[in-house]
Amino acid sequence: MAANFPIARPRRLRRTAALRELVAETQLAVTDLVAPLFVREGIEAPQPIVSLPGVMQHTVVSLQAEVRELADLGVRAVILFGVPATKDAVGSGAFDPQGIVQVALRTLRAELGDRIVLMADLCVDEYTDHGHCGVLDADGNVDNDLTLDIYAKAAVAQADAGAHVVAPSGMMDGQVGAIRTALDRAGHTEVSILAYSAKYASGLYGPFRDAVDVQIAAGGDRKGYQQDWRNAREALTEVDADIAQGADMVMVKPALPYLDVIAAVRQRVDIPVAAYHVSGEYAMIKAAAANGWIDHDVVALEQLTAIKRAGADVILTYFTRWFAERAATRVQP
Ligand code: PBG
């Protein structure tokens, strides 16, 4: 029975695909996305990562081809992670000019110049034999301030090698300020900092740790430096501190369990907000879709759009290439 008063009829604007496109509040674009890429030292051919279907550990040569293809597809940024051939107590590969990421950065910058933004994850967990994001003190705890010295050296090495953006992900207190100071002293005043400001001690990083061959020593975890997932207000304290120290962009990580945090950060700051749709978030979609339990494309698009809707300007996602290829071939309604 039709109502005899003018009820709101939102369904009128949902009738056709063209109408829905016209009134959509959120547009996800290739230019919002950053592709995380892995480069491994000492391999002859790219290696698949079992828990991250479609993602590779690259050689420098295969990485170069991948980044070139992404740039041709309209992708504007990549973020590099290194897998060194050898690890040590302080993570020397993170700041050695001949470390794998530095070698890769020089190669990419020489070929691509400023065509695509080259970001470098700045941490030592891939490079330490104990798998922690910092150096350890005599009791086996991560020493905050000694770690800052290492991050400062890594930032300068990455900037020297051609990084446009360095992205500290270790959650040490004062890391952004230490890195900004070191970059400026080395003459890299133009290199920007994407701070992993609100990074949670998540269970969703498992596939990433396979990708970079990291095992945290003695059943350890990162709860002593990454954030407790029960806390949202604390994220704002972290964001404020990073901006005060010179962050150019701030990040929330992971993305979907923390949409409330993304929205709160977006409300609070006027600089770009990034969110990292992490390895476990990607792997869940891949695994469920492989079983035929969900529709891969629909769920991937739904999740990435939700992250944008919550307030992220920039999304780091392993779906970047998929989205860019889809955008390039998509039939309009
Ligand atoms: C630390 C770092 C991690 C990720 C990005 N940078 C792992 C960790 O904190 O254990 C995870 C990214 C992902 O899961 O996709 N260098």
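What follows is a walk through one predicted protein model, from the whole chain down to single residues. Residues are numbered from 1 along each chain as its sequence is written, and side-chain values use heavy atoms, with hydrogens and water left out. Because the model is predicted, local features need pLDDT of at least 70 and side-chain atom pairs count only at pLDDT 80 or more, while totals for chains, interfaces and linings use all residues.

The protein chain holds eleven helices and ten strands; helices (H or I, at least four residues) and strands (E, at least two) are DSSP runs, numbered from the N terminus. Along the principal axes, its C-alpha atoms fill a box of roughly 75 × 45 × 40 Å. The radius of gyration, taken over C-alpha atoms, is 21 Å, which agrees with the value near 20 Å that a compact globule of 333 residues would have. That globule rule is 2.2 Å times the number of residues to the power 0.38.

Of the 333 residues, 51% are buried. Buried means under 20% relative accessible area, exposed over 50%, and partly exposed in between (1.4 Å probe, protein chains only). The accessible surface of the protein chain comes to about 15300 Å², and carbon and sulfur atoms own 52% of that surface; the areas come from the Shrake-Rupley method with a 1.4 Å probe, and for residues only the protein chains shown count as cover. Among contacts with a separation of 6 or more, 74% are between residues 24 or more positions apart, where contact means heavy atoms within 4.5 Å.

The interior comes next. In soluble globular proteins, nonpolar side chains tend to be buried together. Here the largest nonpolar core has 105 residues, and Phe38, Val78, Leu80 and Val265 touch the most other members. Helix H4 (residues 144-161) gives this core its largest share, seven residues. Such a core is a set of buried Ala, Val, Leu, Ile, Met, Phe, Trp, Tyr and Cys residues joined through side-chain atoms within 4.5 Å.

Phenylalanine 38 is in strand S1 and is buried, because its relative accessible area is 0%. Not counting residues up to four places away in sequence, its contacts include Ile49, Leu52, Phe81, Phe208 and Tyr318.

Helix H5 (175-185) has Gln175, Val176, Gly177, Ile179, Arg180, Ala182 and Leu183 buried. Their cover includes strand S5 (117-122), H4, S6, strand S7 (192-199) and H7. Just after H5, glycine 187 takes a positive phi of about 85°. In helix H11 (residues 320-329), the buried residues include Thr320, Trp322, Phe323 and Ala324, and strand S1 (33-40), helix H10 (296-310) and strand S10 (314-317) are among the elements that cover the buried residues of H11.

Helix H9 (residues 279-290) contains glycine 280, and serine 279 is also in H9. Serine 279 counts as buried because its relative accessibility is 1%, and glycine 280 because its own is 7%. Leaving aside neighbours within four places in sequence, glycine 280 is in contact with Leu204 and Pro207. Glycine 280 and leucine 204 are 76 residues apart in sequence, yet 4.3 Å apart in space, C-alpha to C-alpha. Contacts of serine 279, apart from residues up to four places away in sequence, include Leu204, Pro207 and Tyr318.

Several loops have backbone features to look for. Methionine 171, in the loop between strand S6 (165-168) and helix H5, has phi near 60°, a positive value in a residue other than glycine. Methionine 171 is buried, since its relative accessible area is 6%. Aspartate 213 is in the loop between helix H6 (206-211) and helix H7 (233-244); its phi is positive, about 55°, although it is not a glycine. With a relative accessible area of 39%, aspartate 213 is partly exposed. A cis peptide bond, with omega of about -10°, joins lysine 253 and proline 254. Proline 254 is in the loop between strand S8 (249-253) and helix H8 (259-268).

The protein chain has 31 positive and 42 negative side chains, and the centres of the two sets are 11 Å apart. Lys and Arg count as positive and Asp and Glu as negative, with His and the chain ends not counted; the place of a charge is NZ of Lys, CZ of Arg, CG of Asp or CD of Glu.
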